[in-house]
Amino acid sequence: EKITELNGEIEFRHLTFAYSNSAPVLKDINLKIDSGSTLAIVGATGAGKTTLVDLIPRIYQPERGSVFIDGIDTRDIPLKILRTSIGMVQQESFLFSDLLKNNIAYGADSATETEIEVAARNADLLSQIDEFPNQFDTHVGERGKTLSGGQRQRTAIARAIMTPPKILILDDAFASVDTHTEDTILDRLKQLGNCTTILISHRISTVKAADQIVVLHDGRIVEVGTHQDLVSQNGIYANIHQKQLLKEEIESL
């Protein structure tokens with residue numbers, strides 16, 4: 001009850017997690033993410049990436065003694081404090097049938113028009129909003145059906161950073177945008193201040209600048225290091241990197 005704010009250091013200690021009546025999805029995860037640093041997570045579909053980050057805001061309840069923020073067991077952190085400290089963007093972002101500005105400012109009741117505009121700019125959405133006839137007063141429709149996939153994802157990013165979070169989780173949040181837009185957004189997110197960022201992506205271009213990269217395979221961390229470290233190991237990460245480089249070369253012909 002005395003906890004009023006978080007700094008954003010995250011640690012997993014011997015985390016094993018299973019959904020009810022099933023085999024473990026995550027197995028003996030040990031990982032520390034320094035406050036203000038960027039961690040990237042890569043791995044095949046079903047490796048456990050989304051489950052791992054969902055345990056941080058307690059979307060799923062971890063076992064006591066396995067997930068910590070600032071050295072405090074997340075189960076001892078008031079849920080409101082925990083979740084208001086975390087901005088989270090998933091690949092399939094839910095938008096409300098409401099005005100665009102209300103979708104961006106959802107959860108930030110006292111947000112000003114200037115703050116909404118700044119969040120949209122940081123999500124590289126402002127230039128497109130300026131082209132809408134009603135701009136921020138555009139009605140996006142149920143689940144954002146009047147927006148493109150990339151615009152929906154950028155709206156969700158703007159919402160997540162509307163109130164600068166201590167922890168920002170981007171779970172394949174750039175799947176519907178091109179690499180140039182992705183680079184622009186990532187550069188602007190770096191200016192948010194002391195924010196711990198977790199990136200999940202299939203694109204090496206998204207994760208290569210992270211302070212630390214982990215590779216998940218079958219629920220276990222099998223590789224850890226920087227981009228250069230992992231490329232030199234000639235393991236799973238290096239293989240993914242090589243295939244993407246080859247694909248880029250073929251597409252450029």
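Begin by selecting I104, I129, L170, F174, I213 and Y237, which have the most contacts inside the largest nonpolar core, a group of 42 residues. A nonpolar core here is a set of buried Ala, Val, Leu, Ile, Met, Phe, Trp, Tyr and Cys residues joined through side-chain atoms within 4.5 Å, and buried means under 20% relative accessible area, with exposed meaning over 50% and partly exposed lying in between, for a 1.4 Å probe and protein chains only. Helix α6, residues 149-160, supplies the largest share of this core, namely four residues. Apart from this core lies another one of 29 residues, including I29, I41, V67 and I86.

Before going further, keep in mind that this is a predicted model, in which local features need pLDDT of at least 70 and side-chain atom pairs count only at pLDDT 80 or more, while totals for chains, interfaces and linings use all residues. Residues are numbered from 1 along each chain as its sequence is written, and side-chain values use heavy atoms, with hydrogens and water left out.

**Stop 1**

Select I104 and show what surrounds it: leaving aside residues up to four places away in sequence, I104 touches I116, A119, A120, I129, F136, T155, A158, R159 and M162, where contact means heavy atoms within 4.5 Å.

Next select L126, which has its place in helix α5, residues 126-129; helices (H or I, at least four residues) and strands (E, at least two) are DSSP runs, numbered from the N terminus. Is L126 buried or exposed? L126 counts as buried, because its relative accessibility is 12%. With residues up to four places away in sequence again not counted, L126 touches E117, A120, R121 and F136. If you draw a distance from L126 to T155, you will find 9.9 Å from C-alpha to C-alpha, although the two are 29 residues apart in sequence.

**Stop 1: the sheet of six strands**

Now colour the strands of the open sheet with the order β6-β7-β8-β3-β9-β10, a sheet of six strands with mixed pairing; two strands pair if DSSP finds at least two bridges between them. At the edges stand β6 (86-90) and β10 (220-225), and each has a single partner strand, so one side of each is left without a neighbour in the sheet. On average, neighbouring strands of this sheet are turned by 15° against each other, direction ignored.

Zoom in on β6 and strand β7 (residues 167-171), which run parallel and are joined by five bridges. Within this pairing, V89 has L170 in β7 as its bridge partner. Helix α6 lies across β6 and β7 and runs at about 175° to β6; axes are lines fitted to C-alpha atoms, for helices over the stretch in contact, and angles run from 0 to 180 degrees between N-to-C directions.

**Stop 2**

**Stop 3**

Move to the open sheet of four strands, whose order is β2-β1-β4-β5 and whose pairing is antiparallel. Its edges are β2 (26-33) and β5 (72-73), each with a single partner strand, so one side of each is left without a neighbour in the sheet. Strand β1 (residues 10-17) pairs with strand β4 (residues 67-69) in the antiparallel sense over three bridges; here F12 stands opposite V67, and I10 stands opposite I69. On to β2, which pairs with β1 over five bridges, again in the antiparallel sense, and where I29 is the bridge partner of L15.

**Stop 3: two aspartates**

Most residues other than glycine have a negative phi. Select D28 in strand β2, where phi is near 50°, a positive value; D28 counts as partly exposed, because its relative accessibility is 40%. Finish at D70, in the loop between β4 and β5, which has a positive phi of about 55° and is partly exposed, with a relative accessible area of 24%.
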